[in-house]
Amino acid sequence: MFRMSFRNQAVLSLFAVFNSVFFPLLAALILYHVRHKKLSRIIKTLFVIPMLVPSIVVILIWKYLYNPNFGFNSILKLLHLGSLTQNWLNNADTAPMCIILVGFPFVSGMYFLLFHTGINSISPELYDAARVDGATSMDVVRYVQIPGVWPYVKIVATLSLIGSLSGFGQVAAMTAGGPGYSTMIPALQMYKVAFGDGRHGYASALGVVLFFVIVILTLITNKVLSGKGEKSA
Amino acid sequence: MNKNAPRTASYWVSRIVLVFLIVTTFFPFVMLINMSLKPTVLITTDFLGLPKEPYWQNFSKALSFVGRPILNSFLICGASLGFILLHVSLSGYAFARLRFKGKRFLFGMLVAVMMVPTTITIVPQYLIMQKLRLINKYWALILPYIASQQVFGIMLAKAAFEQMPNDIFEAAKNRRRK
């Protein structure tokens, strides 16, 4: 059970890091290429507005959307795909995927703002130089902007990794680790062992293990990402 | 890149992606507002449709409930914020301006605490609060908030105090002496 929760956590964290790097970065990059000043400001505001909604509210909205009686199932029925409807969160096959997809498309929030700032802080001379060399906008993205925001990618990857390893509110509110132990993660397990079973010693041991896992993974992430940054820069 | 550039395929693809991202970002929130104006039966039978007549009872129920929780939040936030500001400004000044034995060690400890995610400490925190007989009191929330939030604040305050020119502090001291 302990090993299973760590396996779930690995999948969850992998997707969490990917999602919180890829989608906000994509949005920020496209937004930079929107030349229309007013429009780009409006789009930026639109992406920031959801930050005002507390995260538990977002999680509960998604829980409603996964509800067996309405939500996505209603949409599927509308599309005449009634056979695909299911009890999303009560199915051991779909529950982990559902938790990963909470918050799709993951753009709004802190990470988007970080990337936005990062892209705008690239010095204009680099763009001019690229244009003189006849770079297309794809080239600009590939050779100017990605290396330019790489430090921010590193920060966001680290932050989201730590967040996904230590946060259990999302899983607790969505499935509470069930059905069975199919979505159990170590942090939630620690909480349940401590406050459900009252075994504080075991829970503390879990906490220590989790802490070391976080430290080691953070160090590895930093190593890997800094290596890549030098290559592409 | 300039305004008159021909609108290539990548232009359209990127704009479509952007619109897709915006629409999917807002879909849950639109549904939230939509659902908040419908009775439960209508949510099950007609999920996507707009309510023909807004069902305000949901809101009157929510508003009658929300008062006390918000008061709690204000009390806890206000109290912990007050203590945090007091503590952060004083210790930030100490770390930035004073010289005392073990300063580097203490600051290192502070940075080390910052590395530990708060989730991991909830179990010992609960037990400490239990031993202090503070469970089910506001203090059980306020004290951990102070303890965990002040760390980042001290860093900020230290940086701010370090950036201030030394002359200001000297001038303040001289004025005292006169």
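**Contacts, cores and the A–B interface**

Apart from neighbours within four places in sequence, B:Ser80 is in contact with B:Ile142, B:Tyr145 and B:Ile146. The model described here is predicted. B:Ser80 is placed in helix H3 of chain B, which spans residues 57-97. Its relative accessible area is 5%, so B:Ser80 is classed as buried. The side chain of B:Ser80 also reaches the backbone oxygen of B:Ile76, at 2.6 Å.

The largest nonpolar core has 67 residues, and A:Phe47 and A:Tyr66 have the most contacts inside it. Helix H1 of chain A, residues 2-33, gives the most to this core, with 11 residues. When neighbours within four places in sequence are left aside, the contacts of A:Phe47 in chain A are with A:Ala27, A:Val107, A:Ser108, A:Gly109 and A:Phe112. In chain B, A:Phe47 is in contact with B:Leu18, B:Leu21, B:Ile22 and B:Thr25. A second, separate core consists of 15 residues, including B:Ala96, B:Ile142, B:Ile146 and B:Ile154. Two of these residues, B:Ile142 and B:Ile146, are among the contacts of B:Ser80.

The contact between the chains takes 48 residues from chain A and 30 residues from chain B. The area buried between chain A and chain B is about 3,400 Å², and carbon and sulfur atoms give 86% of this area. The number of salt bridges between chain A and chain B is 0. Across the same interface, 1 residue pair is found in polar contact, with both residues at pLDDT 80 or more. On the side of chain A that touches chain B, at least two residues each are supplied by H1, helix H2 (37-48), helix H3 (55-65), helix H4 (72-78), helix H8 (137-166), helix H10 (186-195) and helix H11 (200-232) of chain A. Of these, H11(A) gives the most to that side, with 7 residues. By class, the side of chain A that touches chain B comprises 35 nonpolar, 11 polar and 2 charged residues.

Over all chains, the count comes to 2 salt bridges. In chain A, A:Asp197 forms a salt bridge with A:Arg199, with the closest N and O atoms 3.4 Å apart. A:Asp197 counts as partly exposed at 48% relative accessibility, and A:Arg199 is likewise partly exposed, with a relative accessible area of 46%. In chain B, the side chains of B:Glu162 and B:Lys158 meet in a salt bridge at 3.1 Å, N to O. Both B:Glu162 and B:Lys158 lie in helix H6 of chain B, 4 residues apart, or about one turn of the helix. B:Glu162 is partly exposed at 43% relative accessibility, whereas B:Lys158 is buried, with a relative accessible area of 17%.

Positive phi values occur at B:Arg133, with a phi of about 55°, and at B:Asn136, with a phi near 70°. B:Arg133 is found in the loop between helix H5 (122-131) and helix H6 (139-163) of chain B, and B:Asn136 lies in the loop between H5 and H6 of chain B. The relative accessible area of B:Arg133 is 68%, so this residue is classed as exposed. B:Asn136 is also exposed, with a relative accessible area of 78%.

Key:
Residues numbered from 1 in each chain as written. Chains lettered and ligands numbered in written order. Heavy atoms only, no water. Buried < 20%, exposed > 50% of the residue type's maximum accessible area, 1.4 Å probe, protein only. Core = buried A, V, L, I, M, F, W, Y, C linked by side-chain atoms within 4.5 Å. Contact = heavy atoms within 4.5 Å. Polar contact = N/O pair within 3.5 Å; in protein donor to acceptor, adjacent residues only side chain to side chain. Buried area = accessible area lost by both parts, 1.4 Å probe. Salt bridge = Lys/Arg side-chain N within 4 Å of Asp/Glu carboxyl O. Nonpolar A, V, L, I, M, F, W, Y, C, P; charged D, E, K, R; others polar.
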